Amino acid sequence: MSCEHLICARCSSPVVEGRCPTCRVARAEIHHHHGPAVPPSVILIALVLAFALAFALALQHLS
Ligand SMILES: [Zn+2]
């Protein structure tokens, strides 16, 4: 979701321009909900690395 098309009820300007405090608060809240602090891709990479490490350790034990 984007705030590009939202119009502020207070200043009648696009919220994305942040012309009044209400715009800026609304814009910040909308952008705050865009994603988690850690992107899912980072979590996925960390999981893959942990799995690879566990796999390497298992191979060492086998040989
Ligand atoms: Zn406004």
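Buried means under 20% relative accessible area, exposed means over 50%, and partly exposed lies in between (1.4 Å probe, protein chains only). You're looking at a predicted model, where local features need pLDDT of at least 70, side-chain atom pairs count only at pLDDT 80 or more, and totals for chains, interfaces and linings use all residues. Residues are numbered from 1 along each chain as its sequence is written, and side-chain values use heavy atoms, with hydrogens and water left out.

**Exercise 1.** Work out which residues coordinate the zinc ion and what geometry the site has.

Step 1: Look for donors, meaning N, O and S atoms within 2.8 Å of the metal (3.2 Å for Na, K and Ca); water is not among the atoms, so sites may look incomplete. You'll find the SG atoms of Cys8, Cys11, Cys20 and Cys23, at 2.2 to 2.3 Å from the zinc ion.

Step 2: Read off the spacing of these donor residues along the sequence: C-x2-C-x8-C-x2-C.

Step 3: Check the angles. Four donors count as tetrahedral if all angles lie between 85 and 135 degrees. Here the 4 donor atoms give 100 to 116°, so the zinc site is tetrahedral. For reference, the ideal angle for four tetrahedral donors is 109.5 degrees.

Step 4: Look for disulfides, that is, pairs of cysteine sulfur atoms within 2.5 Å. The whole structure has 0 of them.

**Exercise 2.** Describe where Gly18 sits and what Gly18 is in contact with.

Step 1: Find Gly18 in the segment before α1 (21-32). Helices (H or I, at least four residues) and strands (E, at least two) are DSSP runs, numbered from the N terminus; the chain has 2 helices and 0 strands.

Step 2: Check the cover. Gly18 has a relative accessible area of 10%, so Gly18 is buried. Across the chain's 63 residues, buried ones make up 13%.

Step 3: List the contacts (heavy atoms within 4.5 Å). Leaving aside neighbours within four places in sequence, Gly18 touches Cys23, Arg24 and Arg27.

Step 4: Compare positions with Cys8, 10 residues away along the chain: the two C-alpha atoms are 9.0 Å apart.

Conventions. Tetrahedral: all angles 85-135°; square planar, octahedral: opposite > 155°, others 65-115°.
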